[in-house]
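Hello,

Here is the structure we talked about.

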Amino acid sequence: MNPTSTPRGRFFRLLASVLLVLPALAFAGAAPAKTYTIGMIGKSQGNQFFQAAHAGALDGAKELGAKYGLNIKIDWRTPNEEDAQKQAETIEQLVLAGADGIIVSCSDANKLTDAINRAVARGIPVVTFSGDAPSSKRLVSIGIDDFQCGEQTFEELAKLLNGRGVVAAIDGNPNASNLQQRAAGFRAAAKKYPNIKLLDVYYHKETPQDAVAKIEQVMQANPDITGWGFLGGWPMYTDNALKWAPGTIKAVSVDAMPPQLPYVRSGHVQLLLGQDVYGYGYRSVERLIDKLHFKKDPAKVDEASPLVAVTKANVEAYAKNWEKWLPK
């Protein structure tokens, strides 16, 4: 007798058929993961600041996607060189491409506000980081309190100078709202120290070469300078930029990027004020997923992170962050 023709055999043959079919049915019935595409626009491709923010966004997309069962894509569209007009055009392109959300670091708020508002009007939330467009309808701005940053830079410099001396500061793009606020904070703090003379806050194009040239020009015209405040790390993005003997001039700089760290080790700069650059990217994705997927608005429209003091004492420990923050 054929064993498969018995009732018991027919039962097992039927069971085997069902077991083969069930996975296919389960797969067919499973809903595909919800996909969100987030456009990200830094200020310039080669700047490690924005590369680290991009790394944070990628990790945020991966980890939040796994946590919530989502497929989150980061569409990185940063211009090669800083160009606010290109940033505005890229926002328009992302809207047309069907992006669900946009992250942008604004080079010039005036040129980006309208583009941001048009995206928001189309139902696409926008997050700004390290370069806000405060008059726009962006969802949230992530970064630091730039006015307080400028104040803190001067306060720390004043401590190093024991409240006496002649100082100057260097700033970048005069049209960037975050850098305008840093300069305002630096000037405001200077008024509290009658024995420190502030020559000026000097602007330059945001390239290492222009920053170094501006410092040398100001130093030649004012050899009595005893302190510098760098409201961004531009002059230290190249080697051997600071020509004074270590310790003869005190210097405090915003940011703690990899090229800046050797200047702390050498003693040319006494203090760096580092930003949570990687976290800016991660949190930007987090806020957009909160809004897009959970319909949850941020608790406040300005999320300011504290600055991290980097000195000779902790520079090696801080440097390890960049092993994670920069792409391999």
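Two strands count as paired if DSSP finds at least two bridges between them. Helices (H or I, at least four residues) and strands (E, at least two) are DSSP runs, numbered from the N terminus.

This is a predicted model: local features need pLDDT of at least 70, side-chain atom pairs count only at pLDDT 80 or more, and totals for chains, interfaces and linings use all residues. Residues are numbered from 1 along each chain as its sequence is written, and side-chain values use heavy atoms, with hydrogens and water left out.

Start with strand S1 (residues 34-41). S1 pairs with strand S3 (residues 101-104) in the parallel sense, over 4 bridges. Ile102 in S3 is the bridge partner of Gly39. S1 also pairs in parallel with strand S2 (residues 70-76), over 7 bridges. Here Gly39 stands opposite Asp75. From S1 the chain crosses through helix H2 (residues 48-68) to S2, a right-handed β-α-β crossover (clockwise from the first strand over the helix to the second, with the strands pointing away from the viewer).

Next, an open sheet. Its 6 strands run in the order S7-S6-S8-S9-S10-S12, with mixed pairing. S7 (196-203) and S12 (308-310) are the edges; each has a single partner strand, so one side of each lacks a neighbour in the sheet. The twist averages 15° from one strand to the next (axes are lines fitted to C-alpha atoms, for helices over the stretch in contact; angles run from 0 to 180 degrees between N-to-C directions).

Within that sheet, S6 (residues 165-171) and S8 (residues 227-230) pair in parallel over 4 bridges. Val167 stands opposite Gly227 in S8.

Best wishes
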